[in-house]
Amino acid sequence: MSSPALAVNLSDAEMRLLQTLVYQECGMYFDARRSHFLRDRVQRRLRECRIETFYNYYQLLLSTEGKQELHNLLENLTVNETSFFRNKAQLELFHKEILDEVIRKKQERGDYQIRIWSAGCSTGQEPYTIAMLLADALAYHQLRHPILGETTWPKPLVPSPWNVEIPASDISYSVLRAGQEGIYNEHQMSSVDYSYRLRYFDKVGERYAVKKAIKELVLFDFHNLKTEFLPRSNDVIFCRNVMMYFDEAEQRRLIEKFYRCLSPGGYLLVGHAESLLGLTGKFAMIFRNSGTAYRRIEVSE
Ligand SMILES: C[S@@+](CC[C@H](N)C(=O)[O-])C[C@H]1O[C@@H](n2cnc3c(N)ncnc32)[C@H](O)[C@@H]1O
C-alpha cells in the first residue's frame with residue numbers, strides 16, 4: 001500500500017464510531033469542541049500506518065492484531081502537560097494540613113506505612129513533587145517527635161520506621177518511561193526553587209536528574225483509569241487535570257473508584273479546573289487560601 005498523499009476524509013458517522021471506541025477504551029470524551037483534535041490525530045495515524053480508508057483502520061483497531069495500534073492511537077490523544085509544584089495553593093494545603101494530619105494519626109496508631117497515588121502522572125513531575133514534600137514533612141515531624149535511639153548516619157531520606165510508597169500511573173507508556181528516567185531540562189525545572197534543586201537533584205550537563213533516594217519512593221506503572229484494577233489502600237490520591245477529559249458519567253464512575261481506593265478518611269486532590277461538586281455525596285470539601293481537597297466521608301460520620 002502506498003502512503004496517502006492527502007488526509008483521509010472522515011464522515012460524521014465515522015467520527016462518532018471513533019469517539020465511542022475511544023470513550024469505551026479509556027474514558028476520554030471528544031465532544032464537538034475537541035473533535036477536530038481527534039480528527040487530526042486519527043488522520044496522522046492513518047498516514048503513519050499507510051492505511052487509505054477509515055474502514056480498514058477501524059477494522060484494524062477492533063482486531064486482536066490491532067491492539068498495539070489502538071494503544072498508539074490512545075497515546076496520541078492524551079494531553080500530557082504538567083509541571084513541578086503545579087497548583088501551589090493546593091500543595092500548601094497538602095503539605096501543611098493533610099500530610100501533617102496523616103503522619104500524626106498514623107504515628108498514634110503505630111502504622112508507619114504512607115501511600116500516595118499520582119493517577120495520571122504524565123512525565124513524573126507530580127509524583128516527584130509529592131515525594132519531595134513528603135520527605136520534608138517526615139523530616140520535620142521527626143525533628144519535633146524524635147524516636148529515641150535513632151542514630152543512623154547519614155540520615156535516610158525517609159526516617160525509620162516510616163515506609164513510603166508513591167504509585168505513579170498513566171495510560172501512556174512514553175510518559176511513564178520519561179518519568180522513570182527522571183531527567184528534566186531547565187525549562188521543566190523553572191518552577192523548582194534552588195533549595196529543592198540542591199537537595200533533591202543532581203546536575204547532569206545542562207539537565208537535572210532526580211536523586212536516587214527520591215526516585216526509589218516513586219513506582220511508575222501502567223493503569224487505565226477506565227478499568228477496575230487500580231492501586232488500593234491510598235492515604236491520598238492526586239488525580240489532577242485528568243477528569244476534565246472525561247464526561248460526567250465517567251467522572252462519577254471514577255470518583256466512586258477513588259472512594260474505594262482510599263483508606264478511611266483519605267483525601268482526593270483534583271485539578272484547579274475540576275470539582276466533585278454535584279457528582280458525589282461521599283466526599284467533604286476542604287478549602288484553604290484557594291487550595292481545595294476532598295476528604296472521604298465515612299458511613300458513621
Ligand atoms: C494533563 S496530564 C496531567 C498530569 C498531572 N496529573 C498534572 O496535573 O500535572 C493528564 C494525564 O492523564 C493521562 N490519562 C488520560 N486518560 C487516562 C486514563 N484513562 N487512565 C490513565 N491515565 C490517563 C494522560 O496520559 C496524561 O498523562
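## Sheet order and salt bridges in a predicted model

User: Is D31 buried, partly exposed or exposed in this predicted model?

Analyst: The relative accessible area of D31 is 22%. Buried requires under 20%, and exposed requires over 50%. The value for D31 falls in between, so the residue is partly exposed.

User: What is the order of strands in the open sheet?

Analyst: Seven strands take part, and their pairing is mixed. Strand 6 and strand 9 (283-288) are the edge strands, each pairing on one side only. The twist averages 20 degrees from one strand to the next. The order is 6-2-1-7-8-10-9.

User: Which residue is the bridge partner of I114 in strand 2?

Analyst: Strand 1 (residues 113-119) and strand 2 run parallel, joined by five bridges. Strand 2 spans residues 163-170, and six of its eight residues are buried. The partner of I114 there is V164.

User: What is the bridge partner of A168 in strand 6?

Analyst: Strand 2 is also joined to strand 6 (residues 218-222) by five bridges. These two strands run parallel. In strand 6, A168 is partnered by F220.

User: Do strand 9 and strand 10 run parallel or antiparallel?

Analyst: Strand 10 covers residues 291-296, and six bridges join strand 9 to strand 10. Within this pair, A284 stands opposite R295. The direction is antiparallel.

User: At about what angle does helix 6 run to strand 1?

Analyst: Helix 6 covers residues 125-144. The helix lies across strand 1, strand 2, strand 6 and strand 7 (234-239). Its angle to strand 1 is about 155 degrees.

User: How many residues apart are R288 and E97?

Analyst: R288 and E97 form a salt bridge, with the closest N and O atoms 2.8 Å apart. The pair links distant parts of the chain: R288 is in strand 9, and E97 is in helix 5 (residues 88-109). R288 is partly exposed at 37% relative accessibility, and E97 is partly exposed at 35%. The separation is 191 residues.

User: Which residues are linked with K106 in a network of salt bridges?

Analyst: A search of the whole structure finds 26 salt bridges. Another pair is E216 with K212, at 3.1 Å between the closest N and O atoms. The network links K106 with R109, D111 and D235.

Key
Residues numbered from 1 in each chain as written. Predicted model: local features only at pLDDT ≥ 70, side-chain atom pairs only at ≥ 80, totals over all residues. Heavy atoms only, no water. Buried < 20%, exposed > 50% of the residue type's maximum accessible area, 1.4 Å probe, protein only. Helix = DSSP H or I, 4+ residues; strand = E, 2+ residues; numbered from the N terminus. Pairing = 2+ DSSP bridges. Axes fitted to C-alpha atoms, helices over the stretch in contact; angles between N-to-C directions. Contact = heavy atoms within 4.5 Å. Salt bridge = Lys/Arg side-chain N within 4 Å of Asp/Glu carboxyl O.
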